[in-house]
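User: I am new to this structure. Please walk me through the terms used for it, one by one.

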Amino acid sequence: MNRLLLLITFLVIGLDISAQNYDLKTIYRQIDEAIEQSPSFVAAYESQIEEKRQQYLRAVTQEDKYQLAYSIFIMYKAFMNDSALAYLDQAEQWAQKQGLLNRVGNCRAQKAFQCSTVGYYNEALAFLSSIDKQQLDSTGRTNYYRAQMHVYGELGYYTNISSMKEHYFKLRSLYRDSLFSVIDHQSQDYLMNKVPELKDQNKLEEARKLCEQWIKSVKPDSHDYAIAAYYYWMVCSNENEGQYWLGQSALCDVRNAVMDQASLLALAENLNAAGDLERSYKYIRFTWDSNNRFNTRMRSWQITPILTVIENNYQKAVERNTSVLVMSIVAVSILALLLLGVLLFLHRRNRQLGTARNDLKNSNDELAEANRRLATQTEELSTLNNQLSTLNSQLTESNRVKEEYIGRFMSLCSQYIDKIDDFRKMVNKKMKNKELDELFRLSKSTELKERELEELYQNFDSVFLHLFPNFVNDFNALLQPDVQIHPKEDNRLTTEIRIFALIRLGIEDSSKIAEFLHYSVNTIYNYRARIKNGAIDNRESFERRIKQLGLFQ
């Protein structure tokens, strides 16, 4: 019996030791790889948003418009703050048109939370004051109390006035109690607010148990998993364990294209304190770039002092390494001088033998030189002929492209003049009839712009495919089968193919392509990078091969 108890004791100790063995090197390596792959994660996420946005544009009913605008807000929530607020505004407008005041209140509560997240406290309080609690449903009340609690918690945390800090934290506690009274105690909202409360009360063991249950209830590698891991880090007493869960949270954020980076910021600060300056600098720079995309001044205030400290430490380390490098160069230079002296001594010894050998070699060299000159001249002549042929071909192609596009351009200009005149007549008529509301609605809508852009792209596609009828097939032939792109409509191009069609016409600057296609430069860059990554051969020569595609018909 005693032996059995002893064996069980050793097993328990062994399991406990094993549980403390957190592989931080692996998690750091995975984060480094994820940061390198970040453009592809961002491009994939932007593609998901674009697909949802297209559904929104095609939606007919007000209900569908509301649901899709709200879902796009959720997608932008941790990705791009300005866009999140913009689509939340649209969702609120559709809710108002339906007369659903509970949804209007819910949207304003979400806007208040989003504003307080990025430091817009006055705006958050203004949104909250405009909400009639009596009109809220259970979801709206949850978001209302959550937003109230969050904004007062942020105000209390950042104010330096003791009396105001106490007042704000008291309001936060009151709204937290109200929130707890209306939400499920197994929900993520409850856990996100209960764990910090237990931590503030120094009930770390209870908070840790909640986090363990939370981690088990969410899907690994998801954004929810990143949130749960971040809160787990907050209550860890073991440094290695805490660093491991913070790393897991940062890894999931990068893989899920989260731009509101809190975990990676904390990880960079910890690594700087631990002396891992290079990785710390890399993480803080990535966090800064992500924050610029998310566009929040609050995170900028948090990052700036940390970034300054890390950059100073990194520069000092670079200076130390430079000093060591200079000393190494001096030592190598001295050794090189010694080696040069030895070589000069050997050279003198071999000089006489070399003189006789050089006479014979000179005769051979003269003959070889004559042959080389003849071959060079022949090769130059051949090259010049090839270049002339290429230039003639390019000139013919350029003239044909110019003729096609200039002709189509003149036609479009004429059409646009007619459309502008029709629009002038319509505006004049409505002004005479005093239909100002209708004019305001027309001027506010982007439908005209989107319709004209669609017609512009349709004209571009038609002319381009007329000039290069086999371009799509030739383009796909350069790509691996699983990344090939096949337009759904005949005589139409997809956005990706349209980018490389512009490159085929000689427009290579991403900013000019982005201006023509009405996308951001970063989106164009991501599209180009993703397509080149799928090239069959060397991705570096992919665009050069694109320029060589196509034959005139």
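User: Why does Ala 257 count as buried?

Analyst: This is a predicted model, in which local features need pLDDT of at least 70, side-chain atom pairs count only at pLDDT 80 or more, and totals for chains, interfaces and linings use all residues. Residues are numbered from 1 along each chain as its sequence is written, and side-chain values use heavy atoms, with hydrogens and water left out. Buried means under 20% relative accessible area, exposed means over 50%, and partly exposed lies in between (1.4 Å probe, protein chains only). Ala 257 has 3% relative accessibility, so Ala 257 is buried.

User: Where is Ala 257, and what is its phi?

Analyst: Ala 257 sits in the loop between α13 (239-255) and α14. Helices here are DSSP runs of H or I with at least four residues, strands are runs of E with at least two, and both are numbered from the N terminus. Phi of Ala 257 is near 55°, a positive value in a residue other than glycine.

User: Is Asp 221 buried, exposed or partly exposed, and what makes it so?

Analyst: Asp 221 has a relative accessible area of 37%, so it is partly exposed. Asp 221 lies in the loop between α11 (204-217) and α12. Its phi is positive, about 70°, although Asp 221 is not a glycine.

User: What makes Ala 226 buried?

Analyst: Its relative accessibility is 1%, so Ala 226 counts as buried. Ala 226 belongs to helix α12 (residues 223-234). From Ile 215, Ala 226 is 11 residues away in sequence and 9.3 Å away in space, C-alpha to C-alpha.

User: Why is α3 called roughly antiparallel to α4?

Analyst: Two packed helices are described by the angle between their axes and the distance between the axes. Axes are lines fitted to C-alpha atoms, for helices over the stretch in contact, and angles run from 0 to 180 degrees between N-to-C directions. The axes of helix α3 (residues 38-58) and helix α4 (residues 62-76) cross at roughly 165° and come within 9 Å. Therefore α3 is roughly antiparallel to α4. The cut-offs: under 35 degrees is roughly parallel, over 145 roughly antiparallel, 65 to 115 roughly perpendicular, and the rest oblique.

User: Which way does α3 pass α4?

Analyst: The crossing is left-handed. That word applies if the near helix is turned anticlockwise from the far one by less than a right angle; clockwise makes a crossing right-handed.

User: How do you know how α14 runs relative to α15?

Analyst: Helix α14 (residues 263-274) and α15 pack at about 155°, with axes 8 Å apart. So α14 is roughly antiparallel to α15. Their crossing is left-handed.

User: And what makes α6 roughly parallel to α8?

Analyst: Helix α6 (residues 101-117) meets helix α8 (residues 138-158) at an angle of about 25°, and their axes are 8 Å apart. So α6 counts as roughly parallel to α8. Here, too, α6 passes α8 in a left-handed crossing.

User: How do you know that Asp 32 and Arg 279 form a salt bridge?

Analyst: Side chains of opposite charge can pair when their charged atoms come close. A salt bridge is a side-chain nitrogen of Lys or Arg within 4 Å of a carboxyl oxygen of Asp or Glu. For Asp 32 and Arg 279, the N to O distance is 2.9 Å. The pair links distant parts of the chain: Asp 32 is in helix α2 (residues 24-36), Arg 279 is in helix α15 (residues 277-294), and they are 247 residues apart.

User: What makes Glu 540 exposed?

Analyst: Its relative accessible area is 60%, so Glu 540 is exposed. Its side chain meets that of Arg 539 in a salt bridge of 3.3 Å, N to O. Arg 539 has a relative accessible area of 29%, so Arg 539 is partly exposed.
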